[in-house]
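Biologist: Could you take me through one part of this structure closely? I would like to look at the places where chains meet, step by step.

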Amino acid sequence: MFEETTPGRKSFFSLFNICAGIIVVIGLYITYLRFTGGLEAVTNLSDYNPWGIWIGFDLLVGVALAAGGYVTSAAVYIFGMKRYHSAVRPAILTGFLGYALVVLALHYDVGRPWRLPYPFIMQQGTTSVLFEVAACVALYLTVLFIEFSSAPLEWLGLKRARNIVVKLTMVLTILGVILSTMHQSSLGALFLIAPSKLHPLWYSPFIPVYFFITSIIAGLSMVIFESTLSYRFFKHKMDEVHLQEKNDIALGFGKAASFVLAGYFIIKIFGLSSGNNWHYLKTDYGTWYLVELLGFVALPSFLYAIGVRVKSLNLIKWTSVLAILGIILNRFNVCLIAFNWHLPSSERYFPHWMEIGISVFIVTLGLIAFRFIVTRMPILYEHPDYKDAH
Amino acid sequence: MDGVFYTLHDFMIHTENITYLLVIPALLGITVFWRLLAGKDDN
Amino acid sequence: MSISRRKFLGWIGAAGLSTALGGTVTAATTKHFEGYPDSRGVLFDSVLCIGCRTCEDACNKVNELPPPDRPFNDLSVLNEKRRTTPKTYTIVNRYNSSKGPLYRKSQCNHCLEPACASACFVRAFTKTKEGAVIYDASVCVGCRYCMIACPFEIPTYEYDKALEPRIMKCTMCHPRVIKGLLPGCVEICPTEALYFGKRKDLIRIARERIRRYPDRYVDHVYGEHEMGGTSWLYLSGVPYREMGMREDLGVIPAPELTSGSLAVVPMVVGLWPVLLTGIYAMTKRSDKIAEREKEIAIDKAVKAARKEDAELKT
């Protein structure tokens with residue numbers, strides 16, 4: 001995490017590299033156990049709890065936090081907000097790595113990962129929301145890869161291929177929004193099939209809408225958060241345009257996030273009224289629901305608004321952390337905490353340390369890949385050969 | 001058609017299969033249509 | 001100003017549309033489905049069940065399942081509540097009810113509209129015309145969404161297998177049934193607490209028993225309508241919740257619970273391209289107008305400056 005910034009002289013044994021190295025070694029060991037001993041060897045999954053944090057965190061949170069890709073490219077290319085242009089490549093990179101890691105995580109979670117292509121090549125379970133999720137994620141990962149590829153193509157000097165990719169921007173952006181709308185909402189829709197297992201405060205016919213809207217909040221907040229971290233560790237890679245635009249990006253995305261959070265808050269209230277679930281607010285789960293709604297939806301909306309009004313970038317940055325934690329909390333609630341709420345505590349799930357180990361391992365791989373790409377390819381700067389007009 | 005499907009599940013497998021298959025020509029078609037409509041605009 | 005208004009309109013449009021579409025819960029059809037005619041089922045009468053566990057033994061033999069940890073005639077296992085496991089398709093539990101100790105056999109209920117079949121993204125589950133819901137391990141990817149979906153918490157998973165883990169659950173002895181034999185548990189039951197036949201007939205028989213012995217039975221056949229109806233039906237002398245059965249599952253079949261959400265997919269595919277290219281076109285037009293207005297303003301300013309210059313000179 002504390003790389004030397006003097007160019008050309010880098011210690012291989014930086015703190016980040018050592019920590020990452022240890023995590024990777026442990027991760028590889030757990031991987032070996034997983035594929036020799038089965039899921040039982042490394043997880044606390046059970047017949048009552050078939051889905052744990054590899055679904056709750058790696059899949060649900062991972063896909064939500066990777067939403068910055070479609071949100072940013074939609075803002076710049078569809079809504080024409082050219083002043084945020086420098087945010088596009090970092091957001092697409094985060095999105096691409098995010099989805100790639102989601103697919104990697106799925107290889108750990110499903111019982112026979114070599115059969116992951118089966119829904120496409122063997123039999124189609126088209127009544128399943130999961131079929132739709134799988135198809136959209138696969139397609140969207142392809143879209144993200146193509147969108148991302150312009151950076152490595154510039155790095156490799158493959159001009160013609162790069163120009164073809166850039167010509168596809170508009171089509172890919174629109175396709176990306178279509179695919180994202182569908183799978184972000186469908187990840188929530190997965191739980192519609194189990195009304196008897198999800199607490200009424202979280203079970204709602206509007207779950208798909210909630211998941212879609214929160215993916216926008218997650219995307220906006222992740223762009224702010226990731227921009228903050230990039231500035232901290234890769235400032236030397238940022239060109240003039242990036243440095244100039246980044247404050248406006250934080251202000252603009254903070255304003256948008258504040259507004260979307262407010263709208264989300266309102267539709268959550270409408271969800272309560274539609275389901276006539278007010279009386280549940282008095283229970284313990286009700287208190288927890290209010291913690292999520294007030295502390296992690298209403299509060300960040302309010303703080304973002306203040307941050308934008310007084311132009312406090314610091315407040316906006318910290319609020320983005322709060323908003324992201326709120327998204328994580330919401331996904332955990334739907335998948336792990338409010339799910340199976342009716343079971344006795346002896347049957348409730350808590351992750352095995354090895355499950356956490358793999359999740360940390362996967363995130364670490366993402367950070368390593370991010371660093372590799374950002375320090376070599378035109379993500380935080382424009383390649384001198386390809387100065388596009390804004 | 002009612003006599004053919006005994007369960008909602010069978011009905012939905014049939015309808016969703018067709019719907020998913022129609023997605024591809026739908027997207028291709030609207031793209032072509034947009035290019036025709038927008039004419040010389042460079043996307 | 002014009003930018004935020006455009007964005008505002010765009011988001012409102014998209015949000016409104018997605019909310020309206022996301023809120024539809026009903027199936028994309030209002031058709032009613034009766035199920036396969038002559039579909040079979042099993043009627044379990046808990047008033048007749050003595051908790052001998054012979055059915056568990058028969059199931060184990062017929063399905064060639066591994067030997068149990070404790071023998072089937074060990075009735076002390078009834079002191080704890082058990083659930084299905086990868087090695088046991090069915091278990092009998094004892095419940096201390098308002099009418100004394102009662103026994104209930106648990107196994108897959110072979111729903112008319114199975115949640116597992118609806119959830120499976122590779123169609124590994126099939127509702128056969130004989131009534132059994134069967135599982136095809138040759139396509140299963142092991143995602144375990146079926147386990148999430150099943151309201152009765154029946155499917156189990158071989159978590160201890162690294163290479164060939166399977167979902168395990170009762171098959172209603174489908175291979176035996178198509179040969180004209182009875183399911184293993186039904187055949188062996190010493191008190192005839194289990195009765196195999198056409199579902200239509202089972203409901204008739206169950207209602208008849210309730211009519212004949214109103215003091216002995218609760219006036220409800222469990223499984224007649226729950227989750228859209230199941231092939232395994234129950235009779236009870238006490239409220240079903242006293243036997244650990246959920247009374248809050250409702251009557252909506254599982255495929256209907258997600259059909260609304262699935263219906264949104266083609267709507268988004270059809271309309272988002274129009275909506276998004278529309279916003280893009282409006283944005284470009286708005287930018288063009290702004291450019292044009294800027295040019296006009298500059299023009300005006302230059303003309304005014306020249307006029308001033310000329311006036312100053314005279």
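Modeller: Across the interface of chain B and chain C, the rule finds zero salt bridges. Keep in mind that this is a predicted model. Polar contacts are there, though: five residue pairs make them across the interface of chain B and chain C. Now look at the kinds of residue on the side of chain B that touches chain C. They divide into 11 nonpolar, four polar and five charged. So charged residues occur on that side, yet a salt bridge needs a Lys or Arg nitrogen within 4 Å of an Asp or Glu carboxyl oxygen.

How much of each chain takes part? Chain B brings 20 residues, and they contact 24 residues of chain C. The size of an interface is often given as the accessible area lost when the parts come together. For chain B and chain C, the buried area is about 2000 Å². Carbon and sulfur atoms give 74% of that. Three residues stand out on the chain B side: B:Tyr6, B:Leu8 and B:His9. Together they supply 32% of the area that chain B buries against chain C, more than any other three residues.

Next, turn to the contact of chain C with chain A. Here 68 residues of chain C meet 69 residues of chain A. About 5900 Å² is buried between these two chains, with 65% of it on carbon and sulfur atoms. On the chain C side, C:Phe121, C:Ile148 and C:Tyr159 lose the most area to chain A.

One to find on screen joins C:Arg144 and A:Asp109, with the closest N and O atoms 3.0 Å apart. There are also 30 residue pairs in polar contact between chain C and chain A.

Which elements of chain C build this side? Those that each supply at least two residues include helix H1 (2–22), helix H3 (115–119), helix H4 (145–149) and strand S6 (156–157). Helix H8 (254–313) of chain C gives the most, with 16 residues. Overall, the side of chain C that touches chain A divides into 41 nonpolar, 15 polar and 12 charged residues.

Zoom in on one residue at this contact, A:Ala189. You will find A:Ala189 in helix H9 (residues 169–189) of chain A. A:Ala189 counts as buried because its relative accessibility is 0%. Leave aside its neighbours within four places in sequence, and the contacts of A:Ala189 come from both chains. From chain A they are A:Val129, A:Ile207 and A:Pro208. From chain C they are C:Tyr145, C:Thr258 and C:Ser261.

End with a charged residue of chain A. A:Glu226 lies in helix H10 (residues 207–234) of chain A. A:Glu226 is buried, yet has no salt bridge. The nearest side chain of opposite charge belongs to A:Lys246, 12 Å away. What does A:Glu226 touch, leaving aside its neighbours within four places in sequence? The answer is A:Pro90, A:Ala91, A:Thr94 and A:Phe370.

Conventions. Residues are numbered from 1 along each chain as its sequence is written. Chains are lettered from A and ligands numbered from 1 in the order in which they are written. This is a predicted model: local features need pLDDT of at least 70, side-chain atom pairs count only at pLDDT 80 or more; totals for chains, interfaces and linings use all residues. Side-chain values use heavy atoms; hydrogens and water are left out. Contact means heavy atoms within 4.5 Å. Buried area is the accessible area (1.4 Å probe) that two parts lose on being put together, summed over both. A polar contact is a pair of N or O atoms within 3.5 Å; within protein, one must be able to donate a hydrogen and the other to accept it, and residues adjacent in sequence count only if both atoms are side-chain atoms. Ala, Val, Leu, Ile, Met, Phe, Trp, Tyr, Cys and Pro count as nonpolar, Asp, Glu, Lys and Arg as charged, and the others, Gly among them, as polar. Helices (H or I, at least four residues) and strands (E, at least two) are DSSP runs, numbered from the N terminus. Buried means under 20% relative accessible area, exposed over 50%, partly exposed in between (1.4 Å probe, protein chains only). Lys and Arg count as positive and Asp and Glu as negative; His and the chain ends are not counted.
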